[in-house]
Number of protein chains: 2
Amino acid sequence: MSTTLELTPVTTAPSGACCAPLVREAADAETARELAHLFKALADPARVQLVSIIAAHDGGEACVCDLTAPIGLSQPTVSHHLKILVEAGILTRTQRGKWAYYALMPGALTRLATSLTDAAA
Amino acid sequence: MSTTLELTPVTTAPSGACCAPLVREAADAETARELAHLFKALADPARVQLVSIIAAHDGGEACVCDLTAPIGLSQPTVSHHLKILVEAGILTRTQRGKWAYYALMPGALTRLATSLTDAAA
């Protein structure tokens, strides 16, 4: 005597709502790592303020001597935060005479903003 | 006998290049703290990928069951990252039946992007 084994079709999405299709490309692992590195550089209130103060200055550039008083931190602490922002590629640093001048790296913040608005669109 | 005291105008910027004037308002301490908190939530490659994958899904919403395989992490780890994104106000979480669904919080990423492009403008 033989029996027939009923095979039920297996779907990967048993619930209709689950597993909606991707409608566009998500960030790959390498891009995600780069973006996360930029976000980390901005993940500190003092660094957000520094970027904001530099951007608010005439010409988009500020001397380190402009930056200590507004955020109420010592010059070594401010220099430490500025170094992180320069290393992340968010700021540029130019030495002129005795002072270092900091400016926004062209394109860096726009790239981050685009990555966010693409995600939000 | 009286002398006339010559008053020399005092400038706060003795060097021409130093201490450029502010041309617009910089972020205040409270705003900087809020923005830094959002940046911190995105300062991890897995969380950047999660936001990106959710945004790339049809309807801008994804089930937690859609999110584990693409980034190659366990469900508890993915849930941990999702919790951080929900607590930061970047994602919303809706329970429907046995699954939790995640979507972008309207306006959260646009606000961050605006803060960046304002700075870059």
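This is a predicted model: local features need pLDDT of at least 70, side-chain atom pairs count only at pLDDT 80 or more; totals for chains, interfaces and linings use all residues.
**Sheet.** I began with the strands of chain B. Three of them form an open sheet, ordered β1-β3-β2, with antiparallel pairing. I then asked which strands sit at the edges. They are β1 (61–63) and β2 (91–96) of chain B, each pairing on one side only. From one strand to the next, the twist averages 25°.

**β1 with β3.** I checked how many bridges join β1(B) to β3(B), residues 99–104. There are three, and the two strands run antiparallel. I looked up Ala62(B) as well: its bridge partner in β3(B) is Tyr102(B).

**Helices on the sheet.** Next I turned to what packs on the strands. Helix α2 of chain B, residues 45–56, touches β1, β2 and β3 of chain B. Its direction makes about 90° with that of β3(B). Helix α3 of chain B, residues 64–71, lies across β1 and β3 of chain B. I noted its angle to β1(B) as about 80°.

**α3 against α4.** Helix α4 of chain B covers residues 75–87. It packs with α3(B) at an angle of about 110°, and the axes are 9 Å apart. Angles of 65 to 115 degrees count as roughly perpendicular, so α3(B) is roughly perpendicular to α4(B). The crossing is right-handed.

Which residues meet there? From α3(B) I listed Val64(B), Leu67(B), Thr68(B) and Ile71(B). From α4(B) I listed Gln75(B), Val78(B), Ser79(B) and Leu82(B). I sorted the residues of this contact by type: five are nonpolar, three are polar and none is charged.

Conventions:
Residues are numbered from 1 along each chain as its sequence is written. Chains are lettered from A and ligands numbered from 1 in the order in which they are written. Side-chain values use heavy atoms; hydrogens and water are left out. Two strands pair if DSSP finds at least two bridges between them. Helices (H or I, at least four residues) and strands (E, at least two) are DSSP runs, numbered from the N terminus. Axes are lines fitted to C-alpha atoms, for helices over the stretch in contact, and angles run from 0 to 180 degrees between N-to-C directions. Contact means heavy atoms within 4.5 Å. Angles under 35 degrees count as roughly parallel, over 145 as roughly antiparallel, 65 to 115 as roughly perpendicular and the rest as oblique. A crossing is left-handed if the near helix is turned anticlockwise from the far one by less than a right angle, and right-handed if clockwise. Ala, Val, Leu, Ile, Met, Phe, Trp, Tyr, Cys and Pro count as nonpolar, Asp, Glu, Lys and Arg as charged, and the others, Gly among them, as polar.
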